[in-house]
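Hello,

Here is the structure you were expecting, with the sequence.

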Amino acid sequence: MANGSFDVQLVDGTPQSVTDAADMATKGFSTLIVTPTWTDPTIVTATTLLGRSVFTGVLFGRHDRTRLSGHHATAWAGDPSGIGEITERTSNPMAFNFWTWMRNSVPSALSFGAVADIVPATTFTFDPVKISFRSWWDQVCAWYRVATGNHSIEWQVDDQLRLNAGTGANLGYDTAVAILTPDYDGWDPVLPGVSADLTVVDDVDDYISRLLFGFAGAGGVGVSGANPYVDFNGLAVVRKRGTSDTGVTSDAATRVAQSIVERDDQSRRKMTATTPLFAIMATIGVGQSVGCWDQQQGIIDLTQRVEWRGTIANPVYVRCMAITMPLEAGMGVYLVEGRSEGIVTDLTPWVEWESPGARIDLGFLERSMIAQRPGILRS
Amino acid sequence: MAITIGRAGGALAPLNPDSVSEDARGIQVSGRFAGSTSTLTRMVAQMIPGLNNADEPVVPVLFDEDPDLNGFYRVRSASVDLEPDSIINKHFRWSVSLDAVDDRAAPQVDHILDSVLRTNSVSVTAAMSDPWFAIPKSTGVVVSEAVAAGGVHDFVTETGSISRLVHTAPPPFREVARTICRPEHWYRGAATVERKWGADWVPVVGRQAVAGNPVGAMGISNGIVRVRLADDAPDGLNFSCWDGGWESLTTVWCRVHSSPAYSPTRDQTLTTFTILRNSPEEVRVRISGAAPTLLGTLDLRLRRGSPLVEMRWNITGGTVTLGLPGRLITVPNNTPFALANGGGGHIIGADAAGNRMLQMWPVTSSNTTASTWSTALGFLPGTWLTYWASQSWNSANLRNQHFASTAESARVVGA
C-alpha cells in the first residue's frame, strides 16, 4: 500500500511562532491532525484531538516557510524510499498464527489496534530477515489471503495511529457506509447519501496472463491466471509480467505471486466520484466500501437490493481506494510535537482554505488495497 | 398568449409571457405575473424556479397561440425577480430559458427500467411476481416489443388515459423501453406531489417547494390512488381511490407500540414533508416526525399507473418493539385477510361504488399472527377498484405486482 500524503498551505501572514512549530531541524516528524470541525486545543488533550482525527499525517518537509508537506501515518511502516522500521532479527524460521505475526511487528510510533485472528487458524512458517514491517505485513496478509481464499485480508494504519489487520468483515470494510448517487445528499435511516458525479473506466491495461516472480536468493516462480482473451490469430493472449522482490522469502513467494495474479488476471474497473460534500473523510474512510447508484448511467447491480429513500436501490458496492480531500474552512488543522503530553500548535487560523470538491477513487471489492494510494490531502 | 411549462402554468395561474425570443437552439420567455391573490402569487413564485430541477431535465411546453412551438424542451434556466413587496402587491417578473430537444413535437423517450424481486419473507418468487410499467397514452405511441409482450392495458385516471404494460420476463432485468409521446399527453396519469394553495390542490414543481406545516397541505397522487396528510385527523394519512371521482376515503395512522404499551396509543407525528423525487414516472416523499420519543421516517413511493402506494417506515434513534402490523395500521371497519403464499392485510369493505381499499404487508403474517419489527416495516395501502375489474386483479395480484419492484427513469432521446 502506498502512503497517502498531505500538503497544507498556510497564509503569508502566518506568525513566526506558528511556523516555528514546523522547523525541520528540530520538529520534523511532528504529527499533523485534521478534524472535521475545529476544537480548541487549549481545552482538550492531543490524545482527544487524535481520537477525532479524519487524517493523521507525519510532517516530512516545509517549503518556503508556509507550505507543509508529508505522508499519512502509514509512513511509520516505511516511507516511499524504503526507510522505516526494518527487522534486525537473525534467520530463524518461526511458525505463528496471523495475530502473532502482526503483534510481533508493531513500529514504535504506532500502537497495536484491532487485529483479528484469521479463522480457520492456520500457522504460517516464515523467516523475515532485514525487511521492513510493511513488507512483513504484506507478506503475511498475502499468504493468508491465498491460504484461506479470503481476499479481503489486509492491514491498515488508521488515523488514530493504530495498526489494524484482519478480514474485510473484521475491519468493517464489508458494510457500506454510504450510497453515492448523483442527486441525493444527507442523512437517511439506512445509509447516508452522498451526492457525487460518477465516472467509470473499464480497461485491461494491467491484465497479465502469467507472472514470473523472483524472490530472495536465486529462486523464481511462474504463476498463470485466468485468460478469457484471444489475439487476432485466435490464440490465447500472452501478457506476462516479470517482477522480483528480494524482500519476499521463499516461504511466501508462491502465494505472494498467486495473490498478485488473482488480482491482475481480469479486466479492471475504476470508478471515480467527485463530491462537494464537506469533510468527506468523516463519512467515508479510505478502504471502506460504498454503494454507487446511477440509474441513468447504468451504474447498477441488480443482485443488490436495499430499501433506500423510499425505493429499492441497486447499488454497485465498491471500495474506496483513495480520497483526495480539500481543506475547507470549518475544519481543524493541528500540528502535534510528540512529547508525553504533546505540544499542540493550532494551524486552523492560518490555513489557506480550498474550495469544495473531493475526489474518491473507487475499486471493486475483490481488489486489494496493496499498491493503491490512499488518503491524499490536497492543498 | 398563455404558456404552460412543465407543471407550471395552466388555468389556475396562467403564465402570459410579454416577450418570446426564439433562436436556432430554443426559446426564451419572460413575463410579468399578476396574481389575483397573494397565495397564487406565492405559488407561482415557487413553481418557476422549481422548473430547473434534476428530476425533470426535459419538460413539455405548450403555447396556446402557436402550437408549432409545442414540444419538449430542456430547461436551461428559470428564475423570478422578487422585490420586497412582490407578494403583497401580487406581481413579479419571471423568465425561463429553454432549449428545444431534437424532434421536439414528439420525441422518442427511453424508459429505463431496473426490475428486481423485492426481498420478502413470504414465498413470492421471481416467476410469480408481475413487473409492469405505465406510460401516458399518446397518439402514435410506439413501444418496444419485449416490454409489451405481456399485454397493454389502457386505464383512465383522473388526469387522462395511460397504457399499462406487463412484462413477461421475471426479474431481475434491465430493460430500456422506447416510446413516443406528444407533449400535451406527458402528464397523463403522472405521479404528482400536490400542495394545497388556498382551496386548490396544485402539483408541486421540483423538489424545493414544501409547506411550512404539511398537515392538511401536502399529498401525492397518480390519478388512481391518492394520499394526503389529513387535516381532519392529525397524524393521519387519508387514502382515496379514483373511479371517475375520488372514493373510498380511509385514514391510516402509523401507530407505535412498545412493551409495555403506550397508553394512550401514540402515532408518529407528521411534521416534515420532504420530496425525494418528483418526476412524472415516480414520486417519492419522506414524512418525518416523532414516534413518540424516537425519530420516525415514513417513505412513500408512487409510480405512474400504480394502484398501490409503497410505504417504508423506519424508526431510528433507539429501539422499540413495533407491534403487530394490524395494530400499527389502525383502520376502522376492516376485515383481515391472509394471502396464499404469505402476506396479509386488511380489506376495508366495499364502498357504494364497489371499490375496496386494502392494506397489505409483505411479510409472513396474517392479522392475527404475532410478528414484530424492531426498526423498519414495509407496507402498502392500495385499492382494488371496480374500474379495474376487467383485469380480475385481486389482492394477491396486487401483491405480486408490488414484489417486482421496478426503478424507472425516463430519458428523452436527442440532444
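The notes below cover confidence, then a sheet, a helix, the domains and a pair of strands.

Confidence comes before the details. This is a predicted model, and it scores ipTM 0.82 and pTM 0.82. Chain B has an average pLDDT of 80, with 75% of its residues scoring at least 70. Two stretches of chain B need care. Over residues 323-331 of chain B, pLDDT stays under 50, and the model has 27 contacts beyond four places in sequence for that stretch. Residues 364-374 of chain B also stay under 50, with 24 such contacts in the model. Where pLDDT is low, the predicted coordinates should not be read in detail. Please treat the contacts in those two stretches of chain B accordingly.

The sheet is in chain A. Three strands form an open sheet there, in the order S6-S9-S8, with mixed pairing. Strand S6 (111-115) and strand S8 (154-157) of chain A each have a single partner strand and stand at the edges, so each has one side without a neighbour in the sheet. From one strand to the next, the twist averages 20°. S6(A) pairs with strand S9 (residues 162-166) of chain A in the parallel sense, over three bridges. To find this pairing on screen, look for A:Val115, which stands opposite A:Ala165 in S9(A).

Next is the helix. Helix H5 of chain A covers residues 133-148, which is 16 residues. From its first C-alpha to its last, H5(A) reaches 22 Å, close to the 22 Å expected at 1.5 Å a residue. Of the 16 residues of H5(A), 14 are buried, so the helix is largely enclosed by the rest of the structure.

On domains, the assignment for chain A gives two entries. Domain 1 is made of two segments, 179-203 and 268-320, while domain 2 runs over 210-264. The C-alpha centres of domain 1 and domain 2 of chain A lie 34 Å apart.

Strand S17 (residues 289-292) of chain A pairs with S20(A) in the antiparallel sense, over four bridges. Within this pairing, A:Val290 stands opposite A:Val318 in S20(A). Strand S20 (residues 316-326) of chain A is mostly covered, with eight of its 11 residues buried.

Regards

Terms used
Residues numbered from 1 in each chain as written. Chains lettered and ligands numbered in written order. Predicted model: local features only at pLDDT ≥ 70, side-chain atom pairs only at ≥ 80, totals over all residues. Pairing = 2+ DSSP bridges. Helix = DSSP H or I, 4+ residues; strand = E, 2+ residues; numbered from the N terminus. Axes fitted to C-alpha atoms, helices over the stretch in contact; angles between N-to-C directions. pLDDT = per-residue confidence, 0-100. Contact = placed C-beta atoms within 7 Å. Expected span 1.5 Å × (residues − 1). Buried ≥ 20, exposed ≤ 12 C-beta atoms within 10 Å, placed from the backbone. Domains from an automatic or database assignment.
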